[in-house]
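Open the model in your viewer and keep the selection tool at hand. This tour goes stop by stop, saying what to select and what is there.

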Amino acid sequence: MNEKFTYPAENKESRDLCHLSRMFEEEKIISESPDHLILSRHDCIPICSVWRERVAQWYDDVLSMFDESRATGYIAMNMLDRYFAVQAVTNVSSYRYEVACLTALFLAVHINGRKSLTIMNLIRMSRLDISAKDILEAGKDITQSISLERRLLTPFDFITQMLEFLPTVTANRIREVVFINADIYKMDSTVARFKSSDIAMASILHELKCSDTSIFKSKICDISGCNLFDESVSELQAKIKYLKCMAITRSKPHVIPDTD
């Protein structure tokens, strides 16, 4: 009779530790690329924040409809943010912004998703008669402007791994709301400059009870080899209550919004 082999608990913890450590190392490499450095220096993406917020919501609607992941939405927004940060534009037409939004979503789905979204799907969703040629040309421009050599690690990747270092009961209790926190951060243009690991940490810490916090912080700091609880995480934690209040009053559009 064949029995399923299970690893001892200490081996699993060791594997989790190694995995998260490698993720921090990979994020450091990614963050040193020119486009990521440019984005990290922006306090706010220099494009209308209302447009950006509504597009982030629209991305969620579309990805849900095509059964794509939250992480794919984050990657699309990050690509869009990096592209406009590198272009250094402060004023962009609604047409150009819509083309870039549709193209970033298409690229993200084909990089990270199930490739379920086609260019024809996007054209049918457009409100400004975007053509396939527009999307192909924008795709070329975006891929030449930002780095895509390495897979972007998202807050959702870090959350999944970091929760392994909490008691199972605690992790299960907060898991869904922590992912929602990361989704809410994604909507805000002032959060675009923060690293995925910072967003993940702030999303988790906001839901932890005081008794769980100190041990968790210690474990993650040991793994990362640095102090994750600097001004970045503190600033993100300060934002979340306000962002959650805004999210409650938010209604989701199912099309890319007009400019007004």
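Which residues lie nearest the centre of the second largest pocket? Select K12, D16, E164, L166 and T168: of the 13 lining residues, these lie nearest the centre.

Before going on, note that this is a predicted model, in which local features need pLDDT of at least 70, side-chain atom pairs count only at pLDDT 80 or more, and totals for chains, interfaces and linings use all residues. Residues are numbered from 1 along each chain as its sequence is written, and side-chain values use heavy atoms, with hydrogens and water left out.

**Stop 1: the second largest pocket**

Stay with this pocket. Its volume is about 250 Å³. A pocket is an open set of points on a 1 Å grid over the protein atoms alone, with protein on both sides within 12 Å along at least five of seven lines; lining residues have an atom within 4 Å of a point. Grid points are joined across faces, edges and corners, and a volume is the space filled by probe spheres set on the points.

Now colour α1 (9-31) and α9 (168-187). Each supplies at least two residues of the lining. Helices here are DSSP runs (H or I, at least four residues), numbered from the N terminus. By class, the lining has five nonpolar, two polar and six charged residues. Ala, Val, Leu, Ile, Met, Phe, Trp, Tyr, Cys and Pro count as nonpolar, Asp, Glu, Lys and Arg as charged, and the others, Gly among them, as polar.

**Stop 2: the largest pocket**

Next comes the largest pocket, with a volume of about 310 Å³. Select S31, R193, F194, K195 and S196, the closest to its centre among 18 lining residues. Two or more lining residues come from each of α1, α2, α4 and α10 (196-205). The largest share, four residues, is from α2. Eight lining residues are nonpolar, six polar and four charged.

**Stop 3: the cavity**

The structure holds one cavity of 30 Å³ or more. In a cavity, a 1.4 Å probe fits but cannot get out. About 70 Å³ of space lies in the largest cavity. Select its lining: R52, Y74, M77, N78, D81, Y185, K186, D188, V191, A192 and I199. Here α4 gives the largest share, four residues. The lining divides into six nonpolar, one polar and four charged residues.

**Stop 4: helix α7**

Select residues 132-145, helix α7. How far apart are its end C-alpha atoms? They are 20 Å apart, which agrees with the 20 Å that its 14 residues should span at 1.5 Å a residue. The expected span is 1.5 Å times one less than the number of residues.

Show D134, I135, A138, G139, I142 and S145: they are buried (under 20% relative accessible area, with exposed over 50% and partly exposed in between; 1.4 Å probe, protein chains only). Look down the axis: the buried residues of α7 fall within an arc of 135 degrees, so they line one face. The arc is that of the directions from the helix axis to the C-beta atoms. On the face turned away, find the exposed K133, L136, K140 and Q144.

**Stop 5: two loop residues**

Go to D67, in the loop between α3 (49-65) and α4. D67 has a positive phi of about 55 degrees, although it is not a glycine. Most residues other than glycine have a negative phi. D67 counts as exposed, at 57% relative accessibility.

Finish at D129, in the loop between α6 and α7. Its phi is also positive, about 55 degrees, and it is not a glycine. D129 counts as exposed, at 69% relative accessibility.
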